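Visitor: I have a new model open and a few minutes. Can you walk me through it?

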Amino acid sequence: METETATRWLSDDEQCTWRTHLDVSRLLMHQLEKDLQPFGLTNNDYEILVNLSESADQRMRMSDLAAATLQSKSRLSHQITRMENAGLVRRENCESDRRGLYAVLTEHGMATMQKVAPHHVASVRKHFIDLMNPEALADLRRSLGPVADHLRGRRGKI
């Protein structure tokens with residue numbers, strides 16, 4: 001016996017909020033990507049460089065980096081190969097686990113981060129942060145925090 005449940009359609013306000021969120025997400029990521037292009041980087045490249053630069057010894061296990069960047073291991077491997085060819089990162093074997101690999105930030109990768117980060121932050125400010133007052137930013141953080149927590153909790157269940 002099938003149980004039917006009524007679809008909870010979005011109200012006009014909810015629909016408008018949802019579509020505004022989608023528009024802002026797409027437009028902002030497109031703009032940030034465009035602003036990284038003069039440096040020869042993509043958003044994915046930059047995210048990997050940030051993760052590695054903020055990690056102990058500027059290295060992460062490939063599996064942890066894949067999880068942190070929401071990429072499949074295969075996709076990350078291709079991404080790291082491209083970044084290796086650019087001299088931004090290198091792979092190192094994991095001594096405690098012969099099957100494991102580390103992605104390691106190179107000196108050139110760190111120099112690239114130090115060069116690009118001020119421009120990226122200026123772009124984030126120009127296209128996002130500085131368009132809202134501090135109260136609106138705090139409200140946004142409080143509003144989106146539970147959504148982020150919910151989705152992080154579901155990652156292992158998908």
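Guide: Let's start with a definition. A salt bridge here is a side-chain nitrogen of Lys or Arg within 4 Å of a carboxyl oxygen of Asp or Glu. Arg59, Arg90 and Glu92 are linked in a network of such bridges. Keep in mind that this is a predicted model.

Visitor: How many salt bridges are there by this rule?

Guide: The count comes to 8 salt bridges. As background, side chains of opposite charge can pair when their charged atoms come close.

Visitor: Which residue forms a salt bridge with Asp130?

Guide: Arg125 does. The closest N and O atoms of Asp130 and Arg125 are 3.0 Å apart. Arg125 is partly exposed, with a relative accessible area of 42%.

Visitor: And Asp23, which side chain does it meet in a salt bridge?

Guide: The side chain of Arg26, at 3.3 Å from N to O. Asp23 and Arg26 are 3 residues apart in helix α1, so about one helical turn separates them. Asp23 is partly exposed at 38%, while Arg26 is exposed at 53%.

Visitor: Staying with α1, where does Gln31 lie?

Guide: Gln31 lies in helix α1, which covers residues 12-36. Its relative accessible area is 21%, so Gln31 is partly exposed. Gln31 and Val124 are 93 residues apart in sequence, yet their C-alpha atoms are 9.3 Å apart in space.

Visitor: Switching to helix packing. At roughly what angle do the axes of α2 and α5 cross?

Guide: Roughly 115 degrees, and the axes come within 10 Å. Helix α2 spans residues 43-53 and helix α5 spans residues 107-127.

Visitor: Perpendicular or parallel?

Guide: Roughly perpendicular, because angles of 65 to 115 degrees count that way. The crossing of α2 and α5 is left-handed.

Visitor: Now backbone. Which residue has a positive phi of about 60 degrees although it is not a glycine?

Guide: Asp57. Most residues other than glycine have a negative phi. Asp57 sits in the loop between α2 and β1 (59-61). Asp57 is exposed, with a relative accessible area of 67%.

Visitor: What about Leu70, what is its phi?

Guide: Leu70 has a positive phi of about 55 degrees, although it is not a glycine. Leu70 lies in the loop between α3 (62-68) and α4. With a relative accessible area of 65%, Leu70 is exposed.

Visitor: Last one. Which residues make the nonpolar surface patch of about 250 Å²?

Guide: Leu144, Val147 and Leu151 make that patch. Leu144 has its place in helix α6, residues 134-154. At 40% relative accessibility, Leu144 counts as partly exposed.

Notes
Residues are numbered from 1 along each chain as its sequence is written. This is a predicted model: local features need pLDDT of at least 70, side-chain atom pairs count only at pLDDT 80 or more; totals for chains, interfaces and linings use all residues. Side-chain values use heavy atoms; hydrogens and water are left out. Patches are made of residues with over 30% relative accessible area and no salt bridge: like charges are joined within 9 Å, nonpolar side chains (Val, Leu, Ile, Met, Phe, Trp, Tyr) within 5 Å. Accessible areas come from the Shrake-Rupley method with a 1.4 Å probe; for residues, only the protein chains shown count as cover. Helices (H or I, at least four residues) and strands (E, at least two) are DSSP runs, numbered from the N terminus. Buried means under 20% relative accessible area, exposed over 50%, partly exposed in between (1.4 Å probe, protein chains only). Axes are lines fitted to C-alpha atoms, for helices over the stretch in contact, and angles run from 0 to 180 degrees between N-to-C directions. Angles under 35 degrees count as roughly parallel, over 145 as roughly antiparallel, 65 to 115 as roughly perpendicular and the rest as oblique. A crossing is left-handed if the near helix is turned anticlockwise from the far one by less than a right angle, and right-handed if clockwise.
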